[in-house]
Amino acid sequence: MSSPALGPALGQPAGGGTPASVARGKRVHGNPFIPWLFLAPYLLLFMLFVLVPAGYGLWISLHDWDFTLPGRPWVGAENYTNLFDPESVAYDDFWNGMKNTGLFTLMSVPLLITVPLLLALLLNRQFPGRTFFRAMFFAPYVLGVAVIGLMWRYLLDGNFGIVNRLLHTNIQWTTDQPWAWIALVGVTVWWTMGFNAIIYLAGLGDIPPEQYEAASLDGANTWQQFRNITLPGLRPVLIFIMITTILASANMFGQSYMITTGGPAQSTQTAIMVMTDLGFKQNRAGQAAAESYLLALCLGLVSLLQFWLMRDKDAAAARKVAKAADRRRAKGVQVDGSVEASREFA
């Protein structure tokens with residue numbers, strides 16, 4: 001019968017394996033630079049295409065930047081303070097664009113969250129042709145915004161558009177309010193709801209069907225199953241869809257540019273359209289960059305608020321209880337250790 005200390009005595013590690021394999025394992029798993037080696041391609045691309053342009057844009061926002069002139073004087077925070085000065089030239093256009101962006105977001109986001117969810121619940125059922133209908137609802141999302149905008153511009157034309165002929169109406173969808181907003185929101189929902197529906201379907205597929213079977217045996221109706229099983233199971237998906245949908249709606253540009261051209265009377269001119277006109281038509285890149293960073297700050301605050309509102313309160317409370325229990329146990333161990341030490345000293 002061999003002794004447990006025989007392995008180390010013979011030059012073999014106590015945990016098993018040859019010394020070469022253990023050393024090789026330490027080199028592979030213990031080297032702190034291995035993860036950075038795998039992250040290097042992504043970090044390089046992220047730095048080149050995100051961090052560097054972001055820093056350069058911030059630098060531009062601190063100058064009176066005109067692409068057509070060699071001189072680009074430093075103005076500091078003047079481009080930012082102009083956005084809060086009612087007497088400045090940029091004030092009215094920027095806040096009108098922010099107001100229009102907010103209106104579009106408020107009108108489109110609830111529909112882009114609820115309509116795709118209802119669609120996903122229908123497409124998640126078993127019926128003939130389910131795969132075909134999934135593909136059909138997702139198909140418009142594959143098209144680019146230029147194609148969508150140009151197509152619907154002709155379909156919604158008040159003089160010869162096919163929409164008025166089908167509805168037997170004489171509505172100026174692109175030049176009168178509130179029809180311009182209705183057209184933009186309707187086109188956006190039709191175009192992008194397929195993507196959100198696919199994300200919902202992926203989340204529905206992760207919910208175990210046994211939960212619905214157990215709920216049915218307990219007498220839960222369809223609404224109770226949806227409220228107590230489906231919605232909690234879709235919490236991560238809902239957070240993702242809400243954040244991405246709000247960000248996409250707040251950055252809306254192509255639909256308004258192609259369908260209504262910002263009209264009537266700049267009532268559908270979004271913040272991105274204002275920045276584009278300011279930077280590329282008026283050659284005031286510094287002011288446009290400052291506006292873009294203010295918009296980014298607003299969207300970041302909205303995203304943080306969403307994370308806070310959609311957090312799992314029960315899980316957070318459980319984590320607090322667990323941390324408090326760990327602290328009590330750690331304190332108890334310290335007390336017991338000090339008592340034992342005092343006894344040994346005595």
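Arg-329 counts as exposed, with 53% relative accessibility. Here, exposed means over 50% relative accessible area, buried means under 20%, and partly exposed lies in between, using a 1.4 Å probe and protein chains only. The model is predicted, so local features need pLDDT of at least 70, side-chain atom pairs count only at pLDDT 80 or more, and totals for chains, interfaces and linings use all residues. Residues are numbered from 1 along each chain as its sequence is written, and side-chain values use heavy atoms, with hydrogens and water left out.

What does Arg-329 pair with? Its salt-bridge partner is Asp-326, and the closest N and O atoms are 2.1 Å apart. A salt bridge is a side-chain nitrogen of Lys or Arg within 4 Å of a carboxyl oxygen of Asp or Glu. Side chains of opposite charge can pair when their charged atoms come close. The structure holds one salt bridge. Both partners sit in helix H16, which covers residues 313-345, and they are three residues apart, about one turn of the helix. Helices are DSSP runs (H or I) of at least four residues, strands are runs (E) of at least two, and both are numbered from the N terminus.

Helix H16 also holds Arg-319. Together with Lys-323, Arg-327 and Arg-328, Arg-319 belongs to a patch of positive charge on the surface. For such a patch, residues need over 30% relative accessible area and no salt bridge, and like charges are joined within 9 Å. Lys and Arg count as positive, and the charge is placed at NZ of Lys or CZ of Arg.

Now let's turn to Ile-259, which lies in helix H13 (residues 254-260). Beyond its neighbours within four places in sequence, Ile-259 touches several residues, including Gly-149, Trp-152, Leu-184 and Val-187; contact means heavy atoms within 4.5 Å. Ile-259 and Asp-157 are 102 residues apart in sequence, and their C-alpha atoms are 9.2 Å apart in space.

| Residue | Relative accessible area | Class |
|---|---|---|
| Arg-329 | 53% | exposed |
| Arg-319 | 51% | exposed |
| Asp-326 | 39% | partly exposed |
| Ile-259 | 3% | buried |

Finally, the whole chain. Its secondary structure comes to 16 helices and zero strands. Of the 346 residues, 33% are buried. Among contacts with a separation of 6 or more, 63% join residues 24 or more positions apart. The accessible surface is about 22,000 Å², and carbon and sulfur atoms hold 68% of that surface; such areas come from the Shrake-Rupley method with a 1.4 Å probe.

Note on methods: Patch = residues over 30% accessible without salt bridge, like charges linked within 9 Å, V, L, I, M, F, W, Y side chains within 5 Å.
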